[in-house]
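The following paragraphs lead through the structure shown below.

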Amino acid sequence: MSHPDVMDKLVSLCKRRGFIFQSSEIYGGTGSVWDYGPLGVELKKNLKDRWWWAMVRSRDDIEGIDAAILMHPRVWEASGHVAGFVDPLVDCRTCKGRFRADKLEDAQCPQKPSKHPGEHTACQLTDARQFNLMFRTFMGPLEETASVVYLRPETAQGIFVNFLNVQQSSRQKVPFGIAQIGKAFRNEITPGNFIFRTREFEQMEMQFFVEPGTDAEHFEYWKDARMKWHHAIGLSPDRLRYKAHEQLAHYARAAFDIEFDFGGTLGFQEIEGIHNRSDYDLSRHQEYSGKKLEYFDQPRNKRYVPFVIETSVGADRVTLAALVNAYREEEVAGEEEGRTVLGFHPSIAPIKAAVFALTKKDGMPEMAHRIANDLRPHFPVDYDETGSIGKRYRRQDEVGTPYCITVDGDSVKDGTVTVRDRDTLKQDRIAADALSGYLRERLQG
Ligand code: ATP
């Protein structure tokens with residue numbers, strides 16, 4: 001076990017400090033659905049913004065969309081989800097538990113001592129039966145077969161069905177991509193591990209449309225680019241690896257996961273998939289809709305159905321990876337109590353700087369408020385004047401704030417403040433007027 005298991009500590013920190021709460025907690029909670037609190041929503045938004053920047057805004061060959069969650073039910077027949085989006089389910093006649101037959105090693109039997117389902121002598125597992133993971137509901141007032149619709153189990157299909165709309169309206173030429181961030185729903189048999197596997201989650205997906213024959217080189221490009229993105233948001237390279245799929249879907253030409261080491265018994269798990277899906281999706285939608293989904297290459301007077309290279313990452317799963325990656329407990333020299341730090345990459349930290357008045361007198365709170373108000377339009381900042389400075393530092397360390405600015409008695413006289421760095425604990429004395437530039441320089445990248 002290379003990294004310690006920090007999950008229980010994180011769950012409690014996330015609740016205490018307002019990152020993540022259990023959904024409908026006052027009613028006893030809903031199975032594996034989570035709500036993001038004030039700091040969690042900022043963290044996840046920063047990650048989504050970094051993805052959107054890398055995949056859409058900074059490039060001229062990828063367009064963004066925001067498709068609806070509810071789609072025509074035929075979409076899910078064409079995509080193969082109605083027939084094939086199933087997991088094998090087993091029940092235990094003794095404990096009444098339900099488990100995914102292919103992931104028994106990830107599940108816990110409720111009997112003591114703690115073991116995997118099937119490992120106690122009392123366990124009585126049924127044969128596996130196939131269970132479709134799509135949530136079904138009804139469109140309109142009649143609950144009948146003709147009005148069944150599904151909550152989308154992935155965002156990708158909204159991109160495939162809009163392929164020509166986007167290509168023609170944006171006048172993109174192959175190769176080009178379409179990207180989207182949005183909610184997806186899966187009625188997972190054994191959700192768990194906090195926000196790792198939930199029934200409602202967010203995906204960040206990009207489909208890159210390429211000419212058949214050039215797909216292998218585009219696949220290599222995206223495999224590399226996506227790993228670099230995970231490095232850029234601060235995930236430790238030694239906790240990341242590629243894993244080739246052992247079994248490829250019949251239409252897939254290549255498939256790799258990017259795995260992150262969550263520590264403890266969970267260990268390395270998929271956070272992103274990169275797939276060469278051939279022309280499967282567009283061809284299936286052509287067949288089921290009766291509408292041509294071909295690309296016309298005008299200069300070469302050539303028509304073809306493009307191949308698709310897909311990158312698909314879970315916003316919640318990458319948020320969990322960022323939390324696990326950032327969590328550390330440290331001794332502090334000269335102090336009895338250690339500190340807990342979320343050492344986020346500055347670009348994803350929910351609060352970039354906290355401003356403190358050393359004491360509540362002699363004009364210090366006024367000056368500190370002024371500084372916080374001046375910085376707020378540029379960076380998310382927090383103002384805090386309660387408790388000892390040591391306690392205030394510790395509160396900010398625990399939520400990953402990279403810089404703490406303290407206004408003391410001298411500040412009021414000479415206009416300088418101290419800035420303390422979360423990681424090095426080094427303190428700089430600088431002019432309050434220079435704060436904005438000082439922070440900008442250190443927070444970018
Ligand atoms: P798994 O094998 O873990 O069920 P998958 O291979 O079905 O995942 P994909 O369909 O490739 O996953 O989904 C792409 C990404 O969406 C995953 O890498 C993951 O980050 C995220 N994801 C998928 N299912 C869930 C879920 N139930 N909860 C949170 N994130 C999810």
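If neighbours within four places in sequence are set aside, the contacts of E272 are R226, D257, I258, T311, S312 and V313. E272 itself belongs to strand β13. The model is a predicted one, and in it E272 counts as buried because 23 C-beta neighbours lie inside 10 Å, where 20 or more are required. One of the contacts, V313, is 41 residues away from E272 along the chain, yet the two C-alpha atoms are separated by 4.2 Å.

How many residues surround the ligand, and which are the closest? The shell has 16 residues, and F201, G273, S312, G314 and R317 are the closest. At least two residues each come from β10 (200–210), β13 (268–276), β16 (307–314) and α9 (315–326). Of the contributors, β13 gives the most, with four residues. Sorted by class, the shell consists of eight charged, five polar and three nonpolar residues. S312, one of the closest residues to the ligand, is also among the contacts of E272.

Helix α9, a contributor to the shell, also contains V324. Is V324 buried or exposed? V324 counts as buried because 24 C-beta neighbours lie inside 10 Å. Apart from neighbours within four places in sequence, V324 is in contact with V6, L10, F262 and G263. By contrast, S436, which is 112 residues from V324 in sequence, lies 30 Å away in space, C-alpha to C-alpha.

A second open sheet has five strands in the order β20-β19-β21-β22-β23, again with mixed pairing. Here β20 (381–384) and β23 (427–431) stand at the edges with a single partner strand each, so one side of each is left without a neighbour in the sheet. On average, and with direction ignored, neighbouring strands of this sheet are turned by 25° against each other. Within the sheet, β21 (residues 403–407) and β22 (residues 416–421) run antiparallel and are joined by four bridges. Y403 has D421 in β22 as its bridge partner.

Two helices can be considered together with this sheet. In α11 (residues 389–399), the buried residues are Y393, Q396, D397 and V399. They pack against α2, β18 (339–342), β19 (353–357), β21 and β22. After α11 comes G400, whose phi is positive, near 85°.

Helix α2 (residues 38–57), one of the elements against which α11 packs, has the buried residues L39, G40, L43, K44, N46, L47, W51, A54 and M55. Why do they lie on the same side of α2? The arc that they cover around the axis is only 150°, which puts them on the same side of the helix. The other side of α2 carries the exposed residues P38, W53 and R57. In general, an α-helix has 3.6 residues a turn, so residues three or four places apart point the same way.

The protein has 13 helices and 23 strands, and its C-alpha trace spans about 75 × 70 × 45 Å along the principal axes. Of its 445 residues, 34% are buried. Among contacts with a separation of 6 or more, 64% are between residues 24 or more positions apart. The pair E272 and V313, in contact and 41 residues apart along the chain, illustrates such a separation.

Note on methods
Residues are numbered from 1 along each chain as its sequence is written. This is a predicted model: local features need pLDDT of at least 70, side-chain atom pairs count only at pLDDT 80 or more; totals for chains, interfaces and linings use all residues. A residue is near a molecule or strand if its C-beta atom, placed from the backbone, lies within 6 Å of it. Ala, Val, Leu, Ile, Met, Phe, Trp, Tyr, Cys and Pro count as nonpolar, Asp, Glu, Lys and Arg as charged, and the others, Gly among them, as polar. A residue is buried if 20 or more other C-beta atoms lie within 10 Å of its own, exposed if 12 or fewer, and partly exposed in between; C-beta atoms are placed from the backbone. The arc is that of the directions from the helix axis to the C-beta atoms. Two residues are in contact if their C-beta atoms, placed from the backbone, lie within 7 Å. Two strands pair if DSSP finds at least two bridges between them. Axes are lines fitted to C-alpha atoms, for helices over the stretch in contact, and angles run from 0 to 180 degrees between N-to-C directions.
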